[in-house]
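Dear colleague,

Please find the structure below, followed by an account of what was found in it.

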Amino acid sequence: MYDEQGFFERYRKHLREKSRAENNGCVFWTGAVHKTGRSGSVYGAIRVQLPGTCARRTIGVHRLAFMIDRGQCYIARGLEVSHLCHQQLCIAGKHLNLEPPSVNKNRNICKHIGRCKGHVGYPKCVM
Ligand SMILES: [Zn+2]
Ligand SMILES: [Zn+2]
């Protein structure tokens with residue numbers, strides 16, 4: 001059993017060691033990845049021990065990075081951590097945003113057309 005502070009310290013260090021900063025502000029995960037969904041998109045995955053429990057679970061690295069960046073140990077149910085930069089392996093806190101799946105999905109359109117159409121109430125994509 002360990003506390004939230006221990007959780008943040010432990011995994012902040014781990015993410016730093018397993019990533020590479022790019023000039024454009026992205027920080028790419030260089031650790032283990034796996035493919036998900038029909039699209040076969042590649043996500044970083046990590047097995048973590050969440051604070052206040054002995055349970056270990058595998059979660060998306062960008063979700064872990066988001067929790068560490070925002071200083072919270074959970075992600076609200078029903079929401080997704082999206083990539084404003086459209087780079088699935090990016091774990092830069094500034095490029096991650098918590099939002100409904102519908103908004104996240106709309107970002108695919110921006111990626112496709114090469115510019116951000118804007119997302120009412122949510123930050124623009126980082127292009
Ligand atoms: Zn990025
Ligand atoms: Zn956009």
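Leaving aside neighbours within four places in sequence, leucine 64 is in contact (heavy atoms within 4.5 Å) with Phe7, Tyr11, Leu15, Ile46, Val48 and Ile59. This is a predicted model, in which local features need pLDDT of at least 70 and side-chain atom pairs count only at pLDDT 80 or more, while totals for chains, interfaces and linings use all residues. Residues are numbered from 1 along each chain as its sequence is written, chains are lettered from A and ligands numbered from 1 in the order in which they are written, and side-chain values use heavy atoms, with hydrogens and water left out.

Leu64 is among the residues with the most contacts inside the largest nonpolar core, which has 20 residues. Such a core is a set of buried Ala, Val, Leu, Ile, Met, Phe, Trp, Tyr and Cys residues joined through side-chain atoms within 4.5 Å; buried means under 20% relative accessible area (1.4 Å probe, protein chains only). The largest share, six residues, comes from α2; helices (H or I, at least four residues) and strands (E, at least two) are DSSP runs, numbered from the N terminus.

A second, separate core of five residues includes Cys26, Cys85, Cys90 and Ala92. Cysteine 26 counts as buried at 2% relative accessibility, and cysteine 90 at 0%.

The zinc ion (ligand 1) is coordinated by Cys26 (SG), Cys85 (SG), Cys90 (SG) and His95 (ND1), at 2.1 to 2.4 Å. Donors are N, O and S atoms within 2.8 Å of the metal (3.2 Å for Na, K and Ca). Their angles of 105 to 113° make the arrangement tetrahedral, a term that requires all angles between four donors to lie between 85 and 135 degrees.

Conventions: Buried means under 20% relative accessible area, exposed over 50%, partly exposed in between (1.4 Å probe, protein chains only). Four donors count as tetrahedral if all angles lie between 85 and 135 degrees; four count as square planar and six as octahedral if opposite donors are over 155 degrees apart and all others between 65 and 115; anything else is irregular.
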